[in-house]
Every structure is written in C-alpha cells, then in structure tokens.
Amino acid sequence: MAALLTDPLFETSGRAPIANNNFYHFVVTKSHVVWRWWKISPRIVDRYAKPGELKESHQDFLDNQWVQSEVSMVFGHRILQYTKALCQGHYDYLEHLPDTLLLRIINSLELEDVGQLARTSRRFRKLCGSEEFWEQAVQRRCNTVSAEMASLAQVEGWRNIFFTSKLQLQKLISRRRLKAEEHQEGQGSDPDSKAEESPDVMYPDPNPESEAGSDCSVPVSGQLSEDIKSCVVD
C-alpha cells in the first residue's frame with residue numbers, strides 16, 4: 001500500500017510567527033525529513049547569512065527534540081503530530097489519493113455524508129464543492145443529461161442544477177431556448193419591423209418562483225421532457 005503514496009508525503013513552508021521572521025521549508029519524504037531555513041533580517045551583519053538545511057531519517061527526526069520544537073514553533077503542534085505519525089508509518093492513504101479517484105469515491109456517498117466529509121479538511125471541502133463533483137452527482141441521478149441542460153449548467157452551476165426541481169429546470173431551459181430564438185429572429189429581420197413587432201412578443205414571467213406548481217408557458221420538446229422526468233433531483 002505504501003507504494004501508492006506520492007512523494008513527498010508532506011510539504012509546507014512559511015515565515016515564523018515570531019520576531020525574527022525567518023523563512024522555513026519543511027518536507028517529509030518516504031525516507032527522510034528535511035528542515036530548511038533562511039534568515040530574514042535588516043541587520044547588516046546578517047546580510048550574508050547562508051541558508052541552513054538539516055536532513056535526517058525518520059527515526060532521527062523522532063529522536064531530535066530540537067527539530068521537533070522548531071517545527072511546532074513555526075507550523076504549530078498539529079503539523080508536528082501529523083508529521084511524526086508519518087515518520088512512524090501511520091499514513092493517511094485517503095488524503096494522498098488523486099482527485100479523480102477521490103471524486104469517484106465521494107460520489108458513492110449519501111449527500112449528508114458528503115457534507116460531513118467536507119468538514120474534515122480543506123482538500124475535501126474543495127472537492128465536495130467542486131463543479132466536477134456536482135456534475136458527476138447530476139449525471140449519476142439522471143438517465144441522460146441533454147445538451148441544453150449541460151449548457152444551462154455552465155451558467156447556473158451544476159450544484160444549482162442538482163437542487164433545482166424538475167419543473168424549474170423545464171422553465172429555465174425553455175426561457176433560454178426562447179431567448180436564443182428571439183436573438184436569431186432579431187438578427188435576420190429588418191430593424192424597423194423588429195421595433196414594430198416587439199410589443200407583441202410574449203415573454204415568460206422572469207420570476208420562476210411565482211409559478212411554482214404551474215406548467216411552463218413555453219412548450220418543451222418530448223425528448224427534453226423525458227430527460228427531466230428521468231432526473232431525480234427534486
């Protein structure tokens with residue numbers, strides 16, 4: 001299983017939250033721990049100070065209290081405990097899996113479980129809120145996803161599509177089709193005649209919430225209707 005892990009296992013860098021403001025780089029690989037530092041100071045005497053580096057095996061790092069105290073001081077006790085666990089062979093395999101594989105795993109969870117997973121780390125919060133996840137979620141719960149629905153998702157976002165009722169999806173897609181038809185007709189018609197005909201154009205209510213429970217005023221194709229009916233995203 002360890003062969004599945006990427007190298008380095010952990011890497012971080014940043015300035016120390018203390019008066020000296022030195023810059024540090026901390027890396028844990030499969031075989032070593034590397035601790036680097038750069039002195040940042042306005043003093044002339046420190047102008048030519050060279051950066052330092054300490055490279056140790058996992059066991060040496062676990063025995064080196066000075067390096068551990070430096071890591072804890074700069075990056076915090078939580079980072080120290082996590083890296084010590086890595087050096088002891090306690091790997092977080094799930095955290096090191098590629099995003100594509102994690103998204104497939106996450107999509108097999110129930111939505112309430114996805115919400116809980118998103119609270120465990122920044123990486124999982126980003127994945128659980130990504131467009132890639134919600135697109136897969138919609139595709140899993142729909143027999144088919146029409147080109148019109150995919151186009152609508154580019155504007156509204158896949159997460160909004162997931163939580164939109166079938167009736168509202170029907171209305172949104174119909175409005176987009178109507179606007180596209182009006183735009184095409186406007187480009188092919190005479191500007192003067194277009195101005196005369198515009199008062200007679202019937203547009204649907206721009207507030208879809210006010211029409212909840214009613215049929216869409218614009219007819220929808222049979223195939224699109226079947227696509228929406230097959231989608232269980234109420």
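**Entry 1: salt bridges**

I looked up Arg-36 and found that it forms a salt bridge with Glu-53, the closest N and O atoms being 2.7 Å apart; a salt bridge here is a side-chain nitrogen of Lys or Arg within 4 Å of a carboxyl oxygen of Asp or Glu. I note that this is a predicted model, in which local features need pLDDT of at least 70 and side-chain atom pairs count only at pLDDT 80 or more, while totals for chains, interfaces and linings use all residues. I also note that residues are numbered from 1 along each chain as its sequence is written, and that side-chain values use heavy atoms, with hydrogens and water left out.

The pair links distant parts of the chain, with Arg-36 in strand E3 and Glu-53 in strand E4, 17 residues apart. Arg-36 is partly exposed, with a relative accessible area of 24%; buried means under 20% relative accessible area, exposed over 50%, and partly exposed in between, with a 1.4 Å probe and protein chains only.

How many salt bridges does the rule give? The count comes to three. Another of them joins Asp-99 and Arg-123, whose closest N and O atoms are 2.7 Å apart, and this pair also links distant parts of the chain, since Asp-99 lies in helix H4 and Arg-123 in helix H6, 24 residues apart. I wrote down that Asp-99 is partly exposed at 38% relative accessibility, and that Arg-123 is partly exposed at 23%. I also found the side chains of Glu-148 and Arg-177 meeting in a salt bridge of 2.9 Å, N to O, which links helix H8 with helix H10 across 29 residues. Glu-148 is partly exposed, with a relative accessible area of 29%.

**Entry 2: the loop between E3 and E4**

I then turned to the loop between strand E3 (32-38) and strand E4 (52-57), where Ile-40 has its place. Ala-49 is in this loop as well, and is partly exposed at a relative accessible area of 35%. Ala-49 and Lys-39 are ten residues apart in sequence and 6.8 Å apart in space, C-alpha to C-alpha.

Ile-40 is partly exposed, with a relative accessible area of 37%, and together with Phe-23 and Trp-38 it makes a nonpolar surface patch of about 240 Å². Patches are made of residues with over 30% relative accessible area and no salt bridge, with like charges joined within 9 Å and nonpolar side chains (Val, Leu, Ile, Met, Phe, Trp, Tyr) within 5 Å.

**Entry 3: aromatic pairs**

Rings of Phe, Tyr and Trp (its six-membered ring) pair if their centres lie within 6.5 Å, and planes under 30 degrees apart count as stacked, over 60 as edge-to-face and the rest as tilted. By this rule I have twelve aromatic pairs.

Tyr-24 and Trp-35 form a stacked pair, at 5.1 Å centre to centre and 25° between the planes. The pair links distant parts of the chain, with Tyr-24 in strand E2 (residues 23-28) and Trp-35 in strand E3, eleven residues apart.

Phe-162 and Phe-163 form an edge-to-face pair, at 5.0 Å centre to centre and 75° between the planes. Here Phe-162 counts as buried at 6% relative accessibility, whereas Phe-163 is partly exposed at 46%. I also noted one aromatic cluster, formed by Phe-10, Tyr-24, Phe-26, Trp-35, Phe-61, Phe-75 and Tyr-82.

**Entry 4: nonpolar cores**

A nonpolar core is a set of buried Ala, Val, Leu, Ile, Met, Phe, Trp, Tyr and Cys residues joined through side-chain atoms within 4.5 Å. Which members of the largest core touch the most others? Of its 23 residues, they are Ile-106 and Ile-161. The elements that give two or more residues to this core include helix H4 (99-106), helix H7 (131-141) and helix H10 (166-188), and H7 gives the most, with four residues. Apart from this core lies another, of 19 residues, among them Val-33, Phe-61, Leu-80 and Leu-86.

**Entry 5: the whole chain**

Finally, I recorded that the protein chain has twelve helices and four strands, and that 36% of its 234 residues count as buried.

Terms used
Accessible areas come from the Shrake-Rupley method with a 1.4 Å probe; for residues, only the protein chains shown count as cover.
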